[in-house]
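Q: Could you walk me through this structure, one piece at a time?

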Amino acid sequence: MVMMTLERFEDLAQTYGGEIARWPEGEREAARALLAENAARLSPVLAEAAQLDRLLDLAPAQRPDAALIGRLIAAAPQPAAVGRRWIAGLGAALGLSAAAFAGIAVGVAVGRPQAAAPVVVAEQPVVTAVDTSSALQDALAEPSEL
Amino acid sequence: MASDGNDPDEALLAGVGRGDPSAVRTLLDRRLPRILALARRMLNDSGEAEDVAQETFLRAWKQARAWKPGAARFDTWLHRVALNLCYDRLRRRREIATDTPPEQVDTGPAPDAGLIGADLSKRVEAALAALPPRQREAIVLCHHQGLGNIEAAGLMEISVEALESLLSRGRRALKASLADLAGG
């Protein structure tokens, strides 16, 4: 154990306050030993420092109010962000399918005006359903990883 | 300042990153009061303290997904962000004060003495606010926030000896301005 001088003890009390437990860890043991040997001189030093500590404890802290907590909760990363990605994936899949459907429908309508809609409408849902279910599976797979 | 690999907030922060509402609440319960108290004591203004605390946690939310364990303890990171925001505001106040003379804070005893409760608290707050910011920061970090000297010195980017000098000078000044209360 490193020896401590009376002056160092007084300095530490004036620096860190009247609780040796709050002094630098490496100096606490020596400080306690010195205090035990010189209680009459050093106890008043600690008491005086502790008096200032108690005053410092009176400096008001501020408790967070419900509005602040509410704003921070609202701004925190939300599980809905995961949901939004899921919805975006689903939307993209449906959009692609709709575009494909429209493209084929237009192509067929232009190429075969007389046969037009009934034939295309009868064929297209099969294509659309396959694409969508595949995209849906991809989109549905995402949340389960989180 | 590197973490010792035992950051008590690490798992919570991962939960925040995943959007777990209970992790958000627990982290706020644990850390928001500390950061708000730090800002209040640094700025001596409840509205500004709330702004600083809010901005600190908004930045934390942005970091949550990308947080790298081991780089720094989350509490230390929060303190650093909050202190930087406090200093931005203190600097702004100084700039404004070059045009407008600052109102002098009277830290002396009230004429009617016999202070109790809220009055006593205001006296201490005013005395703390009258300290040079670096002395105030050292005292708030070590005394109120309960940080160790190495962590506090690291946050302030100074040596432990320099921290001790700030603490010692700050406490001497407080003792003098609160002498009538401390009985010394």
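The chat below goes through the chains, their helices and their contacts.

Q: Before we start, how should I read the numbering and the model?
A: This is a predicted model, in which local features need pLDDT of at least 70 and side-chain atom pairs count only at pLDDT 80 or more, while totals for chains, interfaces and linings use all residues. Residues are numbered from 1 along each chain as its sequence is written, and chains are lettered from A and ligands numbered from 1 in the order in which they are written.

Q: Okay, how many helices and strands are there in chain A?
A: Chain A has six helices and zero strands, where helices (H or I, at least four residues) and strands (E, at least two) are DSSP runs numbered from the N terminus. Along the sequence, the pattern of chain A reads α-α-α-α-α-α.

Q: And what percentage of chain A counts as buried?
A: Of its 146 residues, 14% count as buried, a term that requires 20 or more other C-beta atoms within 10 Å of the residue's own, with C-beta atoms placed from the backbone.

Q: Which residues make the contact between α1(A) and α3(A)?
A: On α1(A) they are Leu6(A), Phe9(A), Glu10(A), Ala13(A) and Gln14(A), and on α3(A) they are Arg41(A), Leu42(A), Val45(A), Leu46(A) and Ala49(A); two residues are in contact if their C-beta atoms, placed from the backbone, lie within 7 Å. By class, this contact of α1(A) with α3(A) holds seven nonpolar residues, one polar and two charged. Here Ala, Val, Leu, Ile, Met, Phe, Trp, Tyr, Cys and Pro count as nonpolar, Asp, Glu, Lys and Arg as charged, and the others, Gly among them, as polar.

Q: At what angle do those two helices of chain A cross?
A: The axes of α1 (residues 6-16) and α3 (residues 39-56) of chain A cross at roughly 15° and come within 9 Å. That makes α1(A) roughly parallel to α3(A), since angles under 35 degrees count as roughly parallel and those over 145 as roughly antiparallel. Axes are lines fitted to C-alpha atoms, for helices over the stretch in contact, and angles run from 0 to 180 degrees between N-to-C directions.

Q: Switching to chain B, what is its secondary structure?
A: Chain B comes to nine helices and zero strands, and of its 184 residues, 35% count as buried.

Q: How is chain B divided?
A: There is a domain 1 (1-103) and a domain 2 (106-184) in chain B, with bounds that come from an automatic or database domain assignment. Twelve residues of domain 1 of chain B are in contact with twelve residues of domain 2 of chain B, and α2 and α4 (74-97) of chain B each supply at least two residues of the domain 1 side.

Q: How do α2(B) and α6(B) pack?
A: They pack at an angle of about 150°, with their axes 10 Å apart, and are therefore roughly antiparallel to each other. In this pair, Ala37(B), Leu38(B), Arg41(B) and Met42(B) of α2(B) meet Arg136(B), Glu137(B), Val140(B) and His144(B) of α6(B).

Q: Last one: how many residues of chain B are in contact with chain A?
A: There are 43 residues of chain B in contact with 31 residues of chain A. Among the elements that give two or more residues to the chain B side are α2 (21-43) and α6 (133-144) of chain B, and by class that side has 22 nonpolar, eleven polar and ten charged residues.

How values were computed:
Parallel < 35°, antiparallel > 145°, perpendicular 65-115°, else oblique. Buried ≥ 20, exposed ≤ 12 C-beta atoms within 10 Å, placed from the backbone.
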